[in-house]
Amino acid sequence: MSKPTIAQSIRDLSRAQKSKAGAPLYSRVINRPVGRVLAAVAHQLGMTPDQVTAVSALCTYTGIVLIAVVRPTVASCVAVSLLLMLGYALDSADGQLARLRHGGSKAGEWLDHVADVIKLSTIHSAIAISLYRFSIDQLPGAWALLIPLAFGAVQGIHFFSYILTYQLRYHGGTPLAKDEKKPGLLKSVLSAPTDYGLMCFVLMLRCSPTAFLWVYGLMLVGYAAYVVAALPKWYLELRRQG
C-alpha cells in the first residue's frame with residue numbers, strides 16, 4: 001500500500017485532531033495547524049514520533065541556551081523566537097504524527113513530557129540570566145529578576161497540575177476534535193497568558209528590556225490569575241467524577 005501524500009495526511013489529521021476547546025489562541029490558530037503540516041512532512045520522510053520529539057528538543061534547547069549566552073539584538077531576538085516557535089510546532093507534530101501512524105507509545109508520551117519539563121524548567125532561568133548579564137542597568141531594580149523566577153514557578157504549577165488533571169479526567173486518553181460552541185473560543189482568548197507559543201513571540205521584545213518586562217510581567221499576572229481560578233475548578237470536577 002502506497003504512503004499517503006502530504007495533502008492526504010493533513011486532511012486525515014484535520015479529522016482526527018485533539019479538541020480545540022479551551023486551547024490557548026496561538027496554539028489553536030497557529031501552532032497546531034503548522035504542526036499538522038510538519039507531521040505530514042515527517043510521515044512522508046518516514047520519521048518516527050520520537051525522532052520528531054528529538055528535533056523539537058534540539059530546536060528548543062538551542063534557543064534557550066542562546067537566550068542566556070547571546071546579547072539580545074533585534075536580529076538575535078527574532079532568530080531565537082523563531083527557533084523556539086519551530087520547536088513548539090514540532091512538539092505538536094510528534095503527537096499528530098503518532099495519530100497518523102495509528103497510535104503512539106507510552107515511552108513516546110513519556111519522552112514528550114520529559115522534553116516539555118526540561119523546557120519549562122529552564123527557559124525562565126535563561127531569561128533571568130539574560131536580563132542579569134545584558135540588561136541589568138536598564139532594569140527598574142534587581143527585584144525585576146524575580147519576574148522570570150515567579151513565571152517559572154507559576155508555569156511549573158500549571159503544567160504539572162494540568163497534566164495530572166488531564167490524565168485523571170480522560171484515563172490517559174485524548175479527546176478528539178468535536179463541534180465547539182463560542183465559549184471554547186472565548187476560553188482560548190482568556191487563556192492567552194498561559195500560551196507558551198505567545199511567550200515565544202513576546203521574547204522578540206528582549207532587545208527592549210523595559211517593553212519586554214511590561215508585556216512579560218502582564219503575562220505573568222494573567223497566568224497566575226488563570227491558575228488560581230483553574231485549580232479549584234479542576235479539583236471540583238474530579239470530586240464529581242468520584
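**Reading helices in this model: a tutorial**

Trainee: What span should the 27 residues of H4 have?

Mentor: At 1.5 Å a residue, H4 should span 39 Å, and its end C-alpha atoms are 38 Å apart, so the two values agree. The expected span is 1.5 Å times one less than the number of residues. Helices (H or I, at least four residues) and strands (E, at least two) are DSSP runs, numbered from the N terminus. A word on the source: this is a predicted model, in which local features need pLDDT of at least 70, side-chain atom pairs count only at pLDDT 80 or more, and totals for chains, interfaces and linings use all residues. Residues are numbered from 1 along each chain as its sequence is written, and side-chain values use heavy atoms, with hydrogens and water left out.

Trainee: How many helices and strands does the protein chain have?

Mentor: The protein chain has nine helices and zero strands, so its elements, read from the N terminus, run α-α-α-α-α-α-α-α-α.

Trainee: Which residues of H3 are buried?

Mentor: First the general idea: an α-helix has 3.6 residues a turn, so residues three or four places apart point the same way. In H3, the buried residues are Pro49, Val52, Thr53, Ser56, Ala57, Cys59, Thr60, Gly63, Ile64, Ile67 and Ala68. These residues pack against H2 (25-45), H4 (74-100), H5 (106-134) and H8 (196-202).

Trainee: At what angle do the axes of H3 and H4 cross?

Mentor: Two packed helices are described by the angle between their axes and the distance between the axes. The axes of H3 and H4 come within 8 Å and cross at roughly 160°. That makes H3 roughly antiparallel to H4. Axes are lines fitted to C-alpha atoms, for helices over the stretch in contact, and angles run from 0 to 180 degrees between N-to-C directions. Under 35 degrees counts as roughly parallel, over 145 as roughly antiparallel, 65 to 115 as roughly perpendicular and the rest as oblique. The H3 and H4 crossing is left-handed, meaning that the near helix is turned anticlockwise from the far one by less than a right angle (clockwise would be right-handed). Among the residues in this contact are Val55, Ser56, Cys59 and Thr60 of H3 and Leu84, Gly87, Tyr88 and Asp91 of H4. By class, the contact has 16 nonpolar, six polar and two charged residues. Ala, Val, Leu, Ile, Met, Phe, Trp, Tyr, Cys and Pro count as nonpolar, Asp, Glu, Lys and Arg as charged, and the others, Gly among them, as polar.

Trainee: Is Gly87 buried or exposed?

Mentor: Gly87, in H4, counts as buried at 0% relative accessibility. Leaving out residues up to four places away in sequence, Gly87 touches Ser56, Cys59 and Thr60. Its C-alpha atom is separated by 7.5 Å from that of Val55, 32 residues apart along the chain.

Trainee: Which residues make the contact of H4 and H5?

Mentor: Start with the geometry: the axes of H4 and H5 come within 11 Å and cross at roughly 155°. H4 is therefore roughly antiparallel to H5, and their crossing is left-handed. The contact is made by Leu84, Tyr88, Asp91 and Asp94 of H4 and Asp112, Asp116, Lys119 and Ile123 of H5. These divide into three nonpolar, no polar and five charged residues. Just after H4, look for His102, which takes a positive phi of about 65°.

Trainee: What is the handedness of the crossing where H5 passes H6?

Mentor: H5 passes H6 in a right-handed crossing. The axes of H5 and H6 (146-170) come within 8 Å and cross at roughly 165°, so the two helices are roughly antiparallel to each other. The contact includes His124, Ile127, Ala128 and Leu131 of H5 and Pro148, Leu149 and Phe151 of H6. Its residues are 12 nonpolar, five polar and two charged.

Trainee: Which residues does Pro148 touch?

Mentor: Beyond residues up to four places away in sequence, Pro148 touches His124, Ile127, Ala128, Leu131 and Tyr216. Pro148 is found in H6 and is buried, with a relative accessible area of 1%. Pro148 and Leu220 are 72 residues apart in sequence and 8.6 Å apart in space, C-alpha to C-alpha.

Trainee: Where is Thr194 found?

Mentor: Thr194 is in the loop between H7 (182-190) and H8. This residue is buried, with a relative accessible area of 9%. Not counting residues up to four places away in sequence, Thr194 touches Pro24, His158, Tyr223 and Tyr226.

Note on methods
Buried means under 20% relative accessible area, exposed over 50%, partly exposed in between (1.4 Å probe, protein chains only). Contact means heavy atoms within 4.5 Å.
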